[in-house]
2 protein chains.
Amino acid sequence: MDVEILGLIAGALTAIASMPQLIKVLKTKNVEDISWLMLVILITGLSLWVWYGFEQNELPIILSNSFAVLVNLTLLISYFIHKNKN
Amino acid sequence: MDVEILGLIAGALTAIASMPQLIKVLKTKNVEDISWLMLVILITGLSLWVWYGFEQNELPIILSNSFAVLVNLTLLISYFIHKNKN
């Protein structure tokens, strides 16, 4: 398989992975079993991957991790909104 | 910053990100708010990143994603163990 395509598929999957979790949180408004520390470490790491992608000039890494940062930031914000409600 | 070091830090963070979630699940045995679909998509994507890392010969990508696959597989197994108990 072409390595660029492989990277794009891998990136698409890890980028959209948090979407079902975000949808679940938005629907149920329950976040008790979720670790906010996971989200903070993940967002920091993903942001560094975006930086790494720019340094290496690798589009799959830049695109997928930027999208994942957005999704997980939304998840973290939702977490604190619903955590305070309980 | 040296790009290899940047990649290793980014990789270390995204690799350990799921650890607090795993510890939380092992402690509380509550998995209700967690999306198993997230875990399945994530593990598939991470495995493809490992493959990508081998193709590009990039050690930070191989190491961090292999470790993340292990943690998230353990999380998925824990999910189904505790989901069935409830």
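Colleague: Leaving aside neighbours within four places in sequence, which residues is Leu48(B) in contact with?

Modeller: Keep in mind that this is a predicted model. Here Leu48(B) reaches over to the other chain: its contacts are Leu6(A), Ile9(A), Ala10(A) and Leu13(A).

Colleague: And which residues make up the largest nonpolar core?

Modeller: Twelve residues do, and Leu48(B) is one of them. From chain A you get Leu6(A), Ala10(A), Leu48(A), Trp49(A), Tyr52(A) and Ile61(A). Chain B brings Leu6(B), Ala10(B), Leu48(B), Trp49(B), Tyr52(B) and Ile61(B). Helices H1 (3-16) and H3 (36-56) of chain A, along with H1 (3-16) and H3 (36-56) of chain B, each put in at least two residues of this core.

Colleague: Which helices of chain A build the side that touches chain B?

Modeller: H1, H2 (19-28), H3 and H4 (59-85) each supply at least two residues. H3(A) gives the most, with 13 residues. Sorted by class, that side of chain A has 22 nonpolar, eleven polar and five charged residues.

Colleague: How many salt bridges and polar contacts are there between the chains?

Modeller: The salt bridge count between chain A and chain B is zero. For polar contacts, look for 17 residue pairs between chain A and chain B, both residues at pLDDT 80 or more.

Definitions and conventions:
Residues numbered from 1 in each chain as written. Chains lettered and ligands numbered in written order. Predicted model: local features only at pLDDT ≥ 70, side-chain atom pairs only at ≥ 80, totals over all residues. Heavy atoms only, no water. Core = buried A, V, L, I, M, F, W, Y, C linked by side-chain atoms within 4.5 Å. Buried < 20%, exposed > 50% of the residue type's maximum accessible area, 1.4 Å probe, protein only. Helix = DSSP H or I, 4+ residues; strand = E, 2+ residues; numbered from the N terminus. Contact = heavy atoms within 4.5 Å. Salt bridge = Lys/Arg side-chain N within 4 Å of Asp/Glu carboxyl O. Polar contact = N/O pair within 3.5 Å; in protein donor to acceptor, adjacent residues only side chain to side chain. Nonpolar A, V, L, I, M, F, W, Y, C, P; charged D, E, K, R; others polar.
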